[in-house]
Amino acid sequence: MPELFAFTDGACSGNPGPGGWGALLQAKDGDTVLKERELKGGEAATTNNRMELLAAIGALEALERPSRITVVTDSAYVKGGITAWLHSWKRNGWKTMAKKPVKNEDLWRRLDEAAARHDVTWEWVKGHAGHPENERADALAREGMKPFK
């Protein structure tokens with residue numbers, strides 16, 4: 001059975017500023033890519049963190065049925081949020097440990113909902129370090145930003 005991967009990235013020109021997100025979805029059998037799909041989008045006035053979140057959301061929402069998938073991100077914010085902080089935020093009424101509102105709550109809620117439909121493994125990779133699929137996701141994010149620059 002093929003394994004599913006989503007390589008995601010966000011980009012922003014200024015922070016805040018025009019931004020884009022990209023996701024590369026791949027079905028793989030070992031090292032062989034059986035099928036792939038590219039996704040991208042952007043916004044005129046946003047932040048890098050929002051674009052990183054939208055990349056993961058876009059990848060998970062694009063799946064037509066519940067799936068086992070590995071989401072690979074270069075965002076410590078996304079990986080940390082979804083794997084470590086989200087449960088506490090929800091339990092604390094979407095407040096941080098410092099009792100402040102969680103930034104990007106709307107997108108965290110959307111990511112939580114999208115991830116709940118799937119069996120997701122979250123992996124972090126160092127960005128801009130020559131990881132081929134991460135580099136492609138970065139290029140898609142920059143393409144997604146173009147209409148808004």
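Helices (H or I, at least four residues) and strands (E, at least two) are DSSP runs that are numbered from the N terminus. The structure described here is a predicted model, in which local features need pLDDT of at least 70 and side-chain atom pairs count only at pLDDT 80 or more, while totals for chains, interfaces and linings use all residues. Residues are numbered from 1 along each chain as its sequence is written, and side-chain values use heavy atoms, with hydrogens and water left out.

**Residues of the strands**

T46 belongs to strand β3, which covers residues 32-46, whereas Q26 and D29 belong to strand β2. For accessibility, buried means under 20% relative accessible area, exposed over 50%, and partly exposed in between, with a 1.4 Å probe and protein chains only.

| Residue | Relative accessible area | Class |
|---|---|---|
| T46 | 3% | buried |
| Q26 | 4% | buried |
| D29 | 49% | partly exposed |

Where contact means heavy atoms within 4.5 Å, and residues up to four places away in sequence are not counted, T46 touches C12, N15, P16, G17, P18, G19 and M51. Under the same exclusion, the residues that Q26 touches include E3, L4, F5, F7, E133 and R136. D29 and P132, which are 103 residues apart in sequence, lie 17 Å apart in space, C-alpha to C-alpha.

**The helix**

Helix α1 runs over residues 48-61, and its 14 residues reach 20 Å from the first C-alpha to the last, close to the 20 Å expected at 1.5 Å a residue; the expected span is 1.5 Å times one less than the number of residues. The helix is mostly covered, since 11 of its 14 residues are buried, among them M51, which T46 touches.

**The largest pocket**

On a 1 Å grid over the protein atoms alone, a pocket is an open set of points where a 1.4 Å probe fits, with protein on both sides within 12 Å along at least five of seven lines, and lining residues have an atom within 4 Å of a point. The largest pocket is lined by 21 residues, of which L4, A27, L63, R65 and S67 lie nearest its centre. Strands β1 (3-12), β2 (17-29), β3 and β4 (68-73) each supply at least two residues of this lining.
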